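Me: I would like to learn how to read this model, feature by feature. Can we start as soon as it is on screen?

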Amino acid sequence: MSKKLYVGNLPYSCTDDDLMNVFSEIGTVASARVIIDRETGRSKGFGFVEMASDDDAVSAARNLNGQAFQGRPLTVNEARPRENDGRGPRGYDNMRA
């Protein structure tokens, strides 16, 4: 079963492929995505990597958390589900008529 990891403190120049390459050294990567700001088109400095197995995810978090990547120490931990902020799907306010 796959497990998604949060990866923070990414350099703004980091691409999906860069993230995929780093994590694939640890195990099998199902997907890797750097989150991009819609307005600026620039990286937000974090992303998500889905590892193919729980063991690969644990190993990646253990080995890469705090490790230097393109001059910055990575923050790697298990991704948490998005919390409901009350705005509903895609940020729309459910309270409007």
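Me: Where does Asn-9 lie?
Reply: Asn-9 lies in the loop between strand 1 and helix 1. Helices (H or I, at least four residues) and strands (E, at least two) are DSSP runs, numbered from the N terminus. The phi of Asn-9 is positive, about 65°, although Asn-9 is not a glycine.

Me: What kind of model is this, and how are residues numbered?
Reply: This is a predicted model, where local features need pLDDT of at least 70 and side-chain atom pairs count only at pLDDT 80 or more, while totals for chains, interfaces and linings use all residues. Residues are numbered from 1 along each chain as its sequence is written, and side-chain values use heavy atoms, with hydrogens and water left out.

Me: Is Asn-9 buried, exposed or partly exposed?
Reply: Start with the cut-offs. Buried means under 20% relative accessible area, exposed over 50%, and partly exposed in between (1.4 Å probe, protein chains only). Asn-9 has 27% relative accessibility, so Asn-9 counts as partly exposed.

Me: Which residue other than glycine has a positive phi near 50°?
Reply: That is Gln-70. Gln-70 is found in the loop between strand 4 (68-69) and strand 5 (72-73). Gln-70 counts as partly exposed because its relative accessibility is 41%. A glycine example follows helix 2: Gly-66 has a positive phi, near 85°.

Me: In what order do the elements run?
Reply: From the N terminus on, the order is β-α-β-β-α-β-β-β. That comes to 2 helices and 6 strands.

Me: How do I read a helix with a buried side?
Reply: Begin with the geometry. An α-helix has 3.6 residues a turn, so residues three or four places apart point the same way. Now take helix 2 (residues 54-64), whose buried residues are Asp-56, Ala-57, Ala-60, Ala-61 and Leu-64. Seen down the helix axis, these buried residues fall within an arc of 130°, so they line one face of helix 2. The arc is that of the directions from the helix axis to the C-beta atoms. Asp-55 and Arg-62, on the other side of helix 2, are exposed.

Me: What covers the buried residues of helix 2?
Reply: The cover includes strand 1, helix 1 (16-24), strand 3 (43-51) and strand 6. Contact here means heavy atoms within 4.5 Å.

Me: How should I think about a nonpolar core?
Reply: In soluble globular proteins, nonpolar side chains tend to be buried together. A nonpolar core is a set of buried Ala, Val, Leu, Ile, Met, Phe, Trp, Tyr and Cys residues joined through side-chain atoms within 4.5 Å. In this model the largest one has 19 residues, and Leu-19 and Phe-23 have the most contacts inside it. Strand 1, helix 1, strand 2 (29-36), strand 3 and helix 2 each give two or more residues to this core. Helix 2 supplies the largest share, 4 residues.

Me: What does Leu-19 touch?
Reply: Leaving aside residues up to four places away in sequence, Leu-19 touches Val-7, Leu-10, Cys-14, Ala-32, Arg-33, Val-34, Phe-48 and Val-49.

Me: How do I read a salt bridge?
Reply: Side chains of opposite charge can pair when their charged atoms come close. A salt bridge is a side-chain nitrogen of Lys or Arg within 4 Å of a carboxyl oxygen of Asp or Glu. A search of the whole structure finds 1. The partners are Glu-78 and Lys-3, at 3.7 Å, N to O. This pair links distant parts of the chain, 75 residues apart: Glu-78 is in strand 6 (residues 75-78) and Lys-3 is in strand 1 (residues 3-8). Glu-78 counts as partly exposed, at 48% relative accessibility. Lys-3 is partly exposed too, with a relative accessible area of 21%.

Me: Which residues does Tyr-6 touch?
Reply: Tyr-6 is found in strand 1. Not counting residues up to four places away in sequence, its contacts include Phe-46, Thr-75 and Glu-78. Tyr-6 is partly exposed, at 27% relative accessibility.

Me: Why does Ser-43 count as buried?
Reply: Ser-43 counts as buried because its relative accessibility is 6%. The place of this residue is in strand 3. A polar atom of the Ser-43 side chain lies 2.9 Å from the backbone nitrogen of Gly-45.

Notes. A polar contact is a pair of N or O atoms within 3.5 Å; within protein, one must be able to donate a hydrogen and the other to accept it, and residues adjacent in sequence count only if both atoms are side-chain atoms.
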